[in-house]
Amino acid sequence: MQLKQDETTGSPALIPVETKSVPLSSISGPTYATSQLLVQQTAYKLSDKIFSFSPETFDLDLAVQDWSRANEKNIHGETTTVVPLQTRSGAGTFALGYIFSKDFDLSKRHIPQTLLAPSLSLKHLRSALDQLSLLYGVASPFVAHITAADYSANDGLITEYETALQLAEDLGLGLVSTSSAYEVQHMSLFATLLAALVPTLHVYDGLRTARETLKVVDALSESSIAEIYKKVSQEVSTLNKRLDTAGKVVELLNLFNNELGTSYAPFEYHGHEAAETVLVVFGSAEAQLAKQVFNTLAAEGKRVGAVNVRIYRPFIEEAFLEALPESVRQIAVLGQVRDSVSVDDASVQSALYSDVLTAVSFAGRWSQEPVIVDFKYAASTTHTPTSIASIIEKITSKSGEGEVALSLLSLEEAKQYTFWDLDNSAAVASPSVVSKVLSRESSNNISTHEVYNNLIHGGIVRTDIRSSEKSVEAPFAVDQADVVFVGDEKLLKEVDIVAGVKAGGKLIVRLPNFKSEDVEKRIPDSARKEVQSKGIQLFALDSSFSPALEKNAQLLVQLAFLQVARPELTREQLVKLSEISEDEVILAEVSDALQQALHTIEVSAAWAEESSEASPFLVKELKPTSFAAFDKAVEEPSIAVNSWQEIAKGLAFKEAYGTKTELRPDLTVKTHTVHVKENRRLTPLTYDRNIFHIEFDLGNSGLTYNIGEALGIHADNDPKQVQEFIDWYGLNAEDLVQVPSRDDNNVFETRTIYQSLLQNIDILGKPPKRFFEALAEFATDELEKKKLEFLGSKEGAEEFKKLSEVETVTYADVFATFKSAHPEFHDLVRIVAPLKRREYSIASAQAVTPTSVALMIVVVDWVDSKGRQRTGQATRYLSGLQPGAAVIVSVKPSVMKLPVKDTAPLIMAGLGTGLAPFRAFVQYRAMQKAQGKEIGSILLYLGSRHKREEYLYGEEWEAYMDAGVVTLLGAAFSRDQPQKIYIQDRMRQTMTDIVKAYIQEEGSFYLCGPTWPVPDVTAVLEEAIATDAKANGRKVDPRKEIERLKEEGRYVLEVY
């Protein structure tokens, strides 16, 4: 949501509009806007071209695209060109091609080129930025405005800075950060000026700061931006050329401050003047909160302070040390890392910590050097005043524990409101109108922020509104709301909404068909208990008694909210103030009906005794998963059983029916039919693990594969179990059905029921939780229906986990257990997942065995809690194949690739069947050696339980050793001796060989197998890096070196 000025009064009015509808000239003086809009304004005015990478719903370029279409002029008198691009591999090459094109107009070489992108795009832009940095002496000024926003599968949208920080350090880019919307124009402008010296990233929070709408009292107009940029840029050429880049940045910042009358610094200190503990922070919310929290704590006499990093690159050590008070004894770095795994990993350091540690260590300023602590947090962390205060408490207190509740003084006089609703509610736009109403009082400063979560109830939205006489910096969700509105009662059962209402506050819940005697049935126990304990006033809004009110639900919600939030307003004042309906008749009718629709609910003292067992399952913090409502208008394909006569029509009249005849049209990948050439067991028959080697004859299939790739096996279900299910379920195996394919649900094929259960439908697979919820719709027995709903709910998580992981039930088992849930076959196909192909690393090199492909596979089998023998679907299928059997396969690319140079050493670590791709590697290198080519050394480490039973391909490895192909064979058989020996132990025992091959001869390391040894094996490689660095008198960060090797393709993991 963006806001524009009220054209009739000249004062800023909170009017929600699309970003693209904001006139460029309207941004001036008191303006309601988001940081995202103000960044676009600055970028448009100063740039020749804007290259934008804006994923759907991010809306990073809507305004600039609209201005460009309207031929709005930039400060250079031309229309800025906007080039939308896609985030993908090689992103940025288009922009690079334009900047260095032979046809580039050299008269524009001084005009900045600009990029708008989220941080999630940066990894795809690395190569282009690297080239730009190397050739910057002959390039146009380049600035990238980066909204720190990425997506995590576990946490939804996250504010991610680490990629930008790491990229700036690695490529020598400038990096400037913005803390709030009040300064975002200034920092956008400064970053563009800095681009005259070095390619620059300007980073700001992409979740809160970028999208929160608030009043910026002194927004720069078009003419002001032009004047400041032209004046300061002219003075850039006068900077002392003897200064290094850091010195020029300091001089440029001084010129900028002089022009604006500001006091920005590379590092800004807040807190006690004689602080003993200092927290160093980077980021928008982090900087805003640190400034306010530490000033509050300092006022209480606590000797603590904070340093906000405004210019991260170049990291100006002198300026950083100058910002620190002489009294400091401990420095804590609040450093962001990717996720909670990195937070817990002691070997992972935050990017900011390394710079602080280096600056302090080499300062020589203190007789007793301050202690440096890396206080890491995950990118998904949401900071609040309490969380920041608690961090400093943990660092300074003796116990190192304890949470400190702290609220900002600036919020004490503010009014705070929260709306919760389904994102497709008829009243979902009500908060926007309420914001507009409140903004009409000229003394008010209104801020509005929306959070969308598409995973709860198909999509919900939370809107926070703050109203205060003074500007407020509060980059966090409202947690002490004066009034909370809930648009759907179901939300109270999913989200801990009442926790966000302040003591003595007000809660409005929309309750259609309201009856006072039903309140305790409709509002959960835990919510009622908290309402009573906090002294909250409870209201019910019911419009169901009047169809007219249902049609005007949004207007009713707005008036009801304003009446509860502002009870001092008379009806006449409210109507005059709001002007929220052009139809005076409707407005009057709804206003009259409000007295009947809005009910005050008596809060019973007995509610204090209610059980609160449900509260642990409530969502405590709403995680954003999108920037827009979820589009629920999805057409579901029809799945119907057809007769053979209907199929015959399709075959006879192909053009009319759009019929296509293809071999396995359900498979989106290119498939081939191959035949089993050999299937032999590698482990003894008496051994409890069946590991087998299977080889396929390619014949005339046309299949080709590269070293390291994987072979996809399109396996069938067990025919016996399929027929048993058909018989039990009462199906006719020969009936025809149209079913979605296993790999592309948009492709349908006609098959018999038997064929579809054998090859399309994962009826013998493990059902997810959502299956139980879907199946409950078909249960006719009430007890079974409730049980299925329970298993599909959060409350049933433990029992579902037992069914899934202990009893390992299949879809077929669930149908047998809940017999009343018996959907028709076309519904069964809809709720049971399609059968997927399984992929296995190829254990051969086609250059050596041109007519065959080999795999090494372990049969996955177990006995469940009921004593039943279970076997993995694909491994059961493969292990039983006889020579000559036909199999449908496909090839999948892999990260496992040989180095370009044949002389580059290979260090390979394979656990169990993880040796498969390394057999292909060694085969190929052996062929090269036989051809007389020089090959690099090969260090092969393998791990398994026992040598006698699991020395997989052991004879081949030893033969390759004798032939001089394999240089070192480090076999770790963990259970052949009293003390367990693992693969990392063998690597550590041969550290000298690893240092030589990996570091000195620039080899490549590969690990294939389970994930558990990754940290230990990586630790060995880091030791090798450190050992070599120490021997050569170099200082390196092993962790960063591993990251560099990963980028170069010399540290490759294929784990599962």
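**Close-ups of a cavity and a strand**

View 1. β20 gives the largest share of the lining, three residues. This is a predicted model, where local features need pLDDT of at least 70, side-chain atom pairs count only at pLDDT 80 or more, and totals for chains, interfaces and linings use all residues. Residues are numbered from 1 along each chain as its sequence is written, and side-chain values use heavy atoms, with hydrogens and water left out.

**View 2. Inside the largest cavity.** There's about 110 Å³ of space in here, a volume being what is filled by probe spheres set on the grid points. A cavity is a set of points on a 1 Å grid where a 1.4 Å probe fits but cannot get out, and lining residues have an atom within 4 Å of a point. Of the 13 lining residues, Y182, L214, N445, S447 and V472 sit nearest the centre.

**View 3. β29, covered on both faces.** In β29 (residues 710-713), A710 and G712 are buried on one side, and L711 and I713 are buried on the other; buried means under 20% relative accessible area with a 1.4 Å probe, protein chains only.

**View 4. The neighbours of β29.** β29 runs antiparallel to β32 (residues 838-841), with four bridges, and pairing takes at least two DSSP bridges. Four bridges also join β29 to antiparallel β36 (residues 886-892). A710 has bridge partners S841 in β32 and K892 in β36.

How values were computed. On a 1 Å grid over the protein atoms alone, a cavity is a set of points where a 1.4 Å probe fits but cannot get out, and a pocket is an open set with protein on both sides within 12 Å along at least five of seven lines; lining residues have an atom within 4 Å of a point. Helices (H or I, at least four residues) and strands (E, at least two) are DSSP runs, numbered from the N terminus. Buried means under 20% relative accessible area, exposed over 50%, partly exposed in between (1.4 Å probe, protein chains only).
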